[in-house]
Amino acid sequence: REVIETEGQRGAASKFSGAGGISGTYEYLALTEKLVAARTFGCWCECCWDCVCAGGMDSTCPSPAVGCGRPMCEWVVQELHQIDARTVQKTRTTAQAAGKKFAEKLRPGDWVVAQAREGGRGRGAGDRYWIGQGADAGDGSCIIKEFTHGGGKLEQTTFTKGDTALAVKWFDRHAADP
């Protein structure tokens with residue numbers, strides 16, 4: 001995702017998260033400071049024009065505009081989130097707490113699914129999921145190590161303070177499967 005910088009109060013720059021799916025979206029329309037409407041196809045028929053320009057386009061605007069004959073011109077409203085150190089830390093702390101609860105419940109043999117957030121372009125980039133099975137870390141649990149006092153490296157993976165390393169057997173698609 002890209003980061004959008006705007007002028008905030010007292011001239012300080014604020015950062016906001018980028019709009020998702022930007023490469024597959026044709027039109028954007030700023031609704032408020034933090035709301036953006038986006039659509040895959042453009043249409044400026046009289047109905048769409050009236051909806052947008054008459055001040056009627058907001059998060060409750062009918063989509064597509066009433067009377068528009070192109071149903072693929074649906075507006076999707078996205079919220080941009082402000083990014084600052086406090087927000088990043090709160091998000092990380094919340095995710096680590098949820099991950100810690102998950103790690104404590106995971107037992108050898110339990111199935112897991114994880115989204116692989118790989119970089120890339122084009123259709124389906126970043127939309128891959130991995131399936132795995134909890135493995136015994138040697139003490140009957142799947143927890144290999146908890147990084148409570150600081151970060152570190154385990155094999156080729158970097159961990160930060162608060163992270164938990166788990167033993168998981170990841171499965172791969174069989175070569176004969178198209």
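Student: What makes valine 113 count as exposed?

Tutor: This is a predicted model, and the value computed from it for valine 113 is 60% relative accessibility.

Student: Where does valine 113 lie, and which patch does Val113 belong to?

Tutor: Valine 113 lies in strand β7. Together with Trp111, Tyr129, Ile131 and Phe171, Val113 forms a nonpolar patch on the surface, with about 570 Å² of accessible area in total. Two elements, β7 (111-116) and β8 (128-134), each give two or more residues to that patch.

Student: Now the charged residues. Why is the contact between arginine 92 and aspartate 163 called a salt bridge?

Tutor: Their side chains meet at 3.4 Å, N to O. The cut-off is within 4 Å, so the pair qualifies. Arginine 92 sits in helix α2 (residues 85-105) and aspartate 163 in the loop between β11 (157-159) and β12 (164-166), so the contact ties together parts that are 71 residues apart in sequence.

Student: How do you know whether aspartate 163 is buried or exposed?

Tutor: Aspartate 163 has 16% relative accessibility. Buried means under 20%, so aspartate 163 counts as buried. Arginine 92, at 35%, counts as partly exposed, because that label covers values between those two limits.

Student: What makes Lys100, Glu104 and Glu146 one network?

Tutor: Let's take the pairs in turn. Lysine 100 and glutamate 146 have their closest N and O atoms 2.3 Å apart. That pair links distant parts of the chain, with lysine 100 in helix α2 and glutamate 146 in strand β9 (residues 143-146), 46 residues apart. Between glutamate 104 and lysine 100 the closest N and O atoms are 3.9 Å apart, which also meets the cut-off of within 4 Å. Lysine 100 takes part in a salt bridge with glutamate 146 and in one with glutamate 104, and salt bridges that share partners join Lys100, Glu104 and Glu146 into one network.

Student: Why are glutamate 104 and lysine 100 separated by about one helical turn?

Tutor: Because they are four residues apart in helix α2.

Student: One more: why do β3 and β5 stand at the edges of their sheet?

Tutor: The open sheet has the order β3-β4-β5, with antiparallel pairing. β3 (27-30) and β5 (76-79) each have a single partner strand, so one side of each is left without a neighbour in the sheet.

How values were computed. Residues numbered from 1 in each chain as written. Predicted model: local features only at pLDDT ≥ 70, side-chain atom pairs only at ≥ 80, totals over all residues. Heavy atoms only, no water. Patch = residues over 30% accessible without salt bridge, like charges linked within 9 Å, V, L, I, M, F, W, Y side chains within 5 Å. Areas by Shrake-Rupley, 256 points an atom, 1.4 Å probe, with all protein chains shown as cover. Buried < 20%, exposed > 50% of the residue type's maximum accessible area, 1.4 Å probe, protein only. Pairing = 2+ DSSP bridges.
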